[in-house]
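Hi everyone, thanks for coming. Today I'd like to walk you through some charged side chains and their partners. Let me put the structure up.

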Amino acid sequence: MMRQYTAYALLPFNTPYDFVFDCIKRAAESMQHEGLHINMQSASQYLETKGSKVVEIRKQISQADFLVIDFSARTSNVMWEFGFAQAMDKHIIALDSSSESSPFNIAETDKITYTLSKQGLGILEEELRRAFRRTVTSISAESSWLRLDTEVQRLRSDLDECLSATPSASITRKLVTNELERITHRVTSIKSNYFDLRNVKPAKEVIDYYSDYLSQLDGDCSSFSTITYVDFWMTITDHGRNWKYLEANKLALERGATIRRVFILSKESIEVAHAKCGDVIERVLDEHKKWLDGEHGDRLEAHVIEARSRQEERGYPNIGLLRRLDECLFFSPQYDERRRMESTRFYYSKGDIPKRVIRTAEADFETARRQALDLIRFLDRQSAQPNIGLQLSASAGS
């Protein structure tokens, strides 16, 4: 069975090198006797078309299985094409007929040297045949690598498109980098013949995620508004063993952000929390009281609403809205029937309040959008009242 490859020759655009391309093409055609069909084309063949020459050359390099590049004339276009091909991780057969020393960027590149003469081109043709054999053997070996798998390449392309469309200063940066770090760690572990299929994230990972989001709040153009209750604080402190998220709130206030938080609490929930993890809720409320009385208290609103039962408490949405300049990140923790946090839905938008959501079902977003609007209205109503109930609620479960 004939194996087929596409190759491009990148040479200076002047007459002497037409003879070099003819030599390259003859060497490629002769490989058919060995079961190799190499479709060798010259980049100059396609530069008569309208449009950007750079775009055309990039397209050709991207589609090629390998390239033959002649550095003899040291032209800028060939140097640029070489750099782009290296960035694309392409196989390169390098040629050079110049007696001059090589520039630093190609000095360490293995090259086939030749002379521009009938005899020299004859020798070059034989050298090229050997180079073609080595190159296609290497390509064949690499084709078994997962990196070159069609599905993997599609996923990498989708990821690259996403990263290219996301500004590095966006508040979604932490969402992206955390997920990349997580998947990199998990895929790397497979090399050690180990993989941990997790149905839920470890508590520390969840706490780190939430803390990272708050770490992006900086200055008076950033704020965090949230409605929260006991189940959330039990998860986000790992039942009183990890206080990183609470510290992240304090640091956000110190950096000039505004935090507006409503606690929905019932005596029943506080009693359950006491039984499971001691005085977690009391500590959380005490810290908020200290912040209110401290240097940055003018940037904090903290309200406690007493629910009559745990069931009534759960009737309120546990949601948050993080804002920085014109960006909004709305999130909504999801709980299982045992009130353990099992996931968090994130919705991102640029604007006042999210009006559209990226890669999320429209029905889910409409629910989230209504919750965000309700949150803002609720907090606006509460802002007219003093910060109430902190001491009372802190002792309600005692």
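Let's start with K244, which is partly exposed, its relative accessible area being 38%. Keep in mind as we go that this is a predicted model.

Who is K244 paired with? Its partner is D208: the two side chains form a salt bridge, with 3.0 Å from N to O. This pair links distant parts of the chain, since K244 sits in helix α9 (residues 244-254) and D208 in helix α7 (residues 203-214), 36 residues apart. As for D208, is it buried or exposed? At 16% relative accessibility, D208 counts as buried, because the cut-off for buried is under 20%.

Now over to the strands. R260 makes a salt bridge with E301, and their closest N and O atoms are 3.9 Å apart. R260 belongs to strand β7 (residues 258-265) and E301 to strand β8 (residues 300-306), so this pair ties together parts 41 residues apart in sequence. R260 is buried, at 14% relative accessibility, while E301 is partly exposed at 22%.

My last stop is a network: R26, E125, E126, E127, R129 and R130 are joined by salt bridges that share partners. Let's zoom in on one pair there. R130 and E126 form a salt bridge, the closest N and O atoms lying 3.6 Å apart. Both are in helix α4 (residues 118-142), four residues apart, so about one helical turn separates them. R130 is partly exposed at 37% relative accessibility, and E126 is partly exposed too, at 29%.

And how many salt bridges are there by this rule? The count comes to 19.

Note on methods:
Residues are numbered from 1 along each chain as its sequence is written. This is a predicted model: local features need pLDDT of at least 70, side-chain atom pairs count only at pLDDT 80 or more; totals for chains, interfaces and linings use all residues. Side-chain values use heavy atoms; hydrogens and water are left out. A salt bridge is a side-chain nitrogen of Lys or Arg within 4 Å of a carboxyl oxygen of Asp or Glu. Helices (H or I, at least four residues) and strands (E, at least two) are DSSP runs, numbered from the N terminus. Buried means under 20% relative accessible area, exposed over 50%, partly exposed in between (1.4 Å probe, protein chains only).
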